[in-house]
Amino acid sequence: MRLAGRHVLLGVSGGIASYKSCTLARRLAEAGARVDVVLTRAAAEFVRPVTFEALTGRPVLTSLWTPGTALDHVRLPADADLLVVAPATADFLARAALGLADDLLAAMLLARTGPVLLAPAMNDAMFAHPATQENLATLRRRGLHLVGPEVGPLAEGPSERPGRMSEPEVILAHAERLLHGAGRLSGRRVVVTAGATREPLDPVRVVTNRSSGRMGYRLAEAAWARGAEVLLLAGPGTLPDPVGVAVRRVETTVELEAAVREALPAADVLVMAAAPADYRPAAPPDRKRSRQAGALQVTLEPTADILAGTRAVRPVGAVVVGFALETGDAVAKGRAKLERKDLDLVVVNDALEPGAGFEHETNRVTLIDRDGGERALPLLDKRAVAEAILDAVEVRLG
Ligand code: CTP
């Protein structure tokens, strides 16, 4: 429950994108937040209050004039950890920029002193209009945070200009980052590697392994949510880029090594969650090998140990995390890797355990730190494992 104990005020103004706000309300509630939804009169025409009530388990506010709620427009904005307005229509942005307080949501925005996140959504021409652009510039200057709009299909048809509201998952990620505020990873540069590398056997075939990259992706997304500036060096795969994270694709272990070397001087944290190929075919031919040639013997040569190779070039004070994927006697082997690769933290898992290791959404790991501390975690989803790893990283960053 990443947002347990957090109070989010979710304002919804009247645009067709308000149907997506139902999912956003749900995701916030699932993450443990207490979600109070405020609908403008137009929003309540699109989605009925009872929908949000059922999704959040809380009463929905729609008017300044509901008996018994006389001071909600000042009390709730003062109490909430975050005010999100999604969608924020062109009309709402105009009223916000003017500082009007002509309905409950506008009054709440005016009374709000803490962080505000706006997710604009409107027709692309309305978004491009100088009035809207000037209103947005005003709101940005006042310190309000914006997410989107994005380019994509609108209710009225295809569009190649911004207008479409960001997806609920994207808004949630931005909300979470703001809720973390000035966390200990705020402003830190975190480099995460993820996934398998691929070594050519010939121009069409490769040698690789079963790593999906999920653990690294979850680490990158969790580090960004904690305020870090994150670079993800990822092997080939189909996982969607995490929100806010800079992603650089690599193919071979040599490419990954070069990318790590380039990124390392500016890094505060390096997490090597990738599974680089340990062997590569020696001297691959530049033509496809034909099956007609019969049985194939290939000499595999070991690749460089990227992590161990960074020892001499790590910035002073950088926290370096490695993984150890074993098949039996995992903790002892993990300790040996921590020593050999000179790590601050090693995340050990046993590929033979059910639900752990490659190709799962879950993992069961043991964290071992440089000072001998050892913490065995239960079977958790990989995002929760990522949070536990980052907790340990934050302790070591001091
Ligand atoms: N690693 C690396 N370069 C490699 C292979 C692995 O930097 N060529 C990193 C991995 O990203 C991981 C750690 O080293 O963080 C341990 O990887 P693992 O495959 O468990 O260990 P190896 O070093 O390959 O050792 P062994 O094959 O003896 O288990």
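I'm working from a predicted model. I looked up the strand order first: the open sheet has 8 strands, running S12-S11-S8-S13-S16-S17-S19-S20. The pairing is mixed. From one strand to the next, the twist averages 15°.

Next I checked what holds S12 to its neighbour. Strand S11 (residues 229-234) runs parallel to S12, and 4 bridges join them. Opposite alanine 234 I found arginine 249 of S12.

**Helices across the sheet.** Which strands does helix H11 lie across? I traced H11 (residues 253-263) over strand S8 (189-194), S11, S12 and strand S13 (269-272). Its direction is at about 165° to S11. Then I went to helix H13 (residues 330-340), which lies across strand S16 (319-326), strand S17 (345-350), strand S19 (365-369) and S20. H13 runs at about 150° to S17.

**Helix H1.** I did a quick length check here. H1 (residues 18-30) has 13 residues, so at 1.5 Å a residue it should span 18 Å. Its end C-alpha atoms are 19 Å apart, which agrees.

Which residues of H1 are buried? I listed Ser18, Lys20, Ser21, Cys22, Leu24, Ala25 and Leu28.

Last, I looked past the end of H1. Glycine 32 follows the helix, and its phi is positive, near 105°.

Notes
Residues are numbered from 1 along each chain as its sequence is written. This is a predicted model: local features need pLDDT of at least 70, side-chain atom pairs count only at pLDDT 80 or more; totals for chains, interfaces and linings use all residues. Side-chain values use heavy atoms; hydrogens and water are left out. Two strands pair if DSSP finds at least two bridges between them. Helices (H or I, at least four residues) and strands (E, at least two) are DSSP runs, numbered from the N terminus. Axes are lines fitted to C-alpha atoms, for helices over the stretch in contact, and angles run from 0 to 180 degrees between N-to-C directions. Contact means heavy atoms within 4.5 Å. The expected span of a helix is 1.5 Å times one less than its number of residues. Buried means under 20% relative accessible area, exposed over 50%, partly exposed in between (1.4 Å probe, protein chains only).
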